[in-house]
Amino acid sequence: MTAALVTGIGGQDGTYLAERLVAEGLEVHALVLEADGHPDHCPDEVVLHTGDLADVEATRRLVADIAPREVYNLAAISSVAQSWDEPDRTSLVNGHAAVALMESARRVGDVRLVQASSAEIFGEAHESPQDEETPLAPVNPYGAAKAYAHLAARVFRQRDLHASSLVLYNHESPRRPTRFVTRKITRGVAAIARGEADELVLGNLDARRDWGWAPDYVDAMVRAARADQPADYVVATGTAHSVRDFVAAAFAAAGIADWEPLVRQDAAFFRPADPAELVGDATRAREELGWAPTVGFEEIVRRMVAADL
Ligand code: GDP
């Protein structure tokens, strides 16, 4: 049986990816933080290994033992907000440990590695949409650490590791934790619709993001792992919406038209630095991987609100 290793199984993408790989008949191993226990939505077939990606030596032994054909590095401090609270651990996990995993994979040989990178590596981009040639200009600790791992994937390709770095734009689902604005909104709107809350408190409503459907982004990862050549790929829908648009769509999905009095902005939820608009051009992923997003913005919002209701 072909083995795959997924780090970061406790997150949204990890469980969608594990479901997909198990369904394909792969032997799926996953690295999980002790604190995460058995992650929700994680298929029973997955072989869970408790550990921390940042424990580089233990991870190296694990990779050598499993000898996977595919490695998906999804483990990360996954939110920008959290990276401001823990910048040192963010650089350790999102940067250093990712590079160590690439070296572990290279030593095993005959393996394809997918690095989950992020639109945050472009930060204050001077061009929109961004593509694989856009200069890296992160504006927060999360983006800076992801940029380091992204560059390292290029370096490891020169040492013949089949390593692809996927520059994933925001991607959402009902499994998104509430520290992300989309799920915070859909859960908050559902609470208001049920009469359990009377307002939704948010930060910057003018920030614009390119929001896609998480399982589509997992599909891009699998396609990249199995492509003949490794490369960098922007994975995005190409369309940006504001946080305000998301709020309006979420209230509409819950049948509430007059939403403005129900939303309050609070300085506590504004970021010290925040890319104003991130939109990706996924032409390369379309042309070389045959990838395309399958779920549009309104439908993503509808599905998330329906799940929270
Ligand atoms: P990110 O793009 O990876 O940082 O994903 P988030 O979902 O955390 O944030 C997306 C955008 O929503 C950012 O520009 C935030 O500044 C903005 N935003 C506005 N209000 C909030 C809020 O209450 N919580 C979060 N997490 N983000 C907010």
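**Exercise 1.** In what order do the 3 strands of the open sheet lie, and what kind of pairing do they have?

*Solution.* The model is a predicted one, and in it the open sheet has the strand order β12-β9-β14, with mixed pairing. Starting from this order, the next step is to look at the edges, where β12 (241–242) and β14 (277–278) stand with a single partner strand each, so that one side of each is left without a neighbour in the sheet.

**Exercise 2.** Find how strand β9 is joined to β14, and name the bridge partner of R208 in β14.

*Solution.* Turning to the individual residue, R208 has E277 of β14 as its bridge partner.

**Exercise 3.** Work out whether the radius of gyration of the protein agrees with that of a compact globule.

*Solution.* A compact globule of 309 residues would have a radius of gyration near 19 Å, and because the protein has 19 Å, the two agree. The C-alpha trace spans about 60 × 45 × 40 Å along the principal axes. As for the interior, 54% of the 309 residues count as buried, that is, they have under 20% relative accessible area. Among contacts with a separation of 6 or more, 77% come from residues 24 or more positions apart.

How values were computed:
Residues are numbered from 1 along each chain as its sequence is written. This is a predicted model: local features need pLDDT of at least 70, side-chain atom pairs count only at pLDDT 80 or more; totals for chains, interfaces and linings use all residues. Side-chain values use heavy atoms; hydrogens and water are left out. The radius of gyration is taken over C-alpha atoms; the globule rule is 2.2 Å times the number of residues to the power 0.38. Buried means under 20% relative accessible area, exposed over 50%, partly exposed in between (1.4 Å probe, protein chains only). Contact means heavy atoms within 4.5 Å. Two strands pair if DSSP finds at least two bridges between them. Helices (H or I, at least four residues) and strands (E, at least two) are DSSP runs, numbered from the N terminus.
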